Amino acid sequence: MYLETGHWNEAYNIANNFLTNEERFSLIKVGPRIIAATIKMRRGDGDVLPQLLEAKEKAFETGQLNRILPAMTALVRI
């Protein structure tokens, strides 16, 4: 919700907390990885492609469209 309402700092902090938490499964990190990469992309940061490719790979492992479609949409925006 923070991402969609323009509160990028809050969204990035939450996503980054998920990504840096070693106790979280990698499949749960698909959404936060997409959010963090989207914010970086909107800010003009350059290192988003590896993050989005990893999100896509993990999303396809789940076989769940609710994870695959956001990953693919984010990749198309690059």
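These legends describe close-up views of a predicted model. Local features need pLDDT of at least 70 and side-chain atom pairs count only at pLDDT 80 or more, while totals for chains, interfaces and linings use all residues. Residues are numbered from 1 along each chain as its sequence is written, and side-chain values use heavy atoms, with hydrogens and water left out.

View 1. Helices are DSSP runs (H or I, at least four residues), numbered from the N terminus. Leucine 75 counts as buried because its relative accessibility is 18% (buried means under 20% relative accessible area, 1.4 Å probe, protein chains only). Beyond its neighbours within four places in sequence, leucine 75 is in contact (heavy atoms within 4.5 Å) with Leu49, Leu52, Leu53 and Lys56.

**View 2. Helix α2 (residues 30-43) against helix α3 (residues 49-62).** Their axes, lines fitted to C-alpha atoms over the stretch in contact, come within 9 Å and cross at roughly 155°, the angle running from 0 to 180 degrees between N-to-C directions. The two helices are therefore roughly antiparallel (over 145 degrees). Residues in this contact include Ile34 and Ala37 of α2 and Leu52 and Ala55 of α3.

**View 3. Helix α1 (residues 8-20) against α2.** Among the contact residues are Trp8, Tyr12 and Phe18 of α1 and Ile35, Ile39 and Arg43 of α2.

Conventions
Buried < 20%, exposed > 50% of the residue type's maximum accessible area, 1.4 Å probe, protein only. Parallel < 35°, antiparallel > 145°, perpendicular 65-115°, else oblique.
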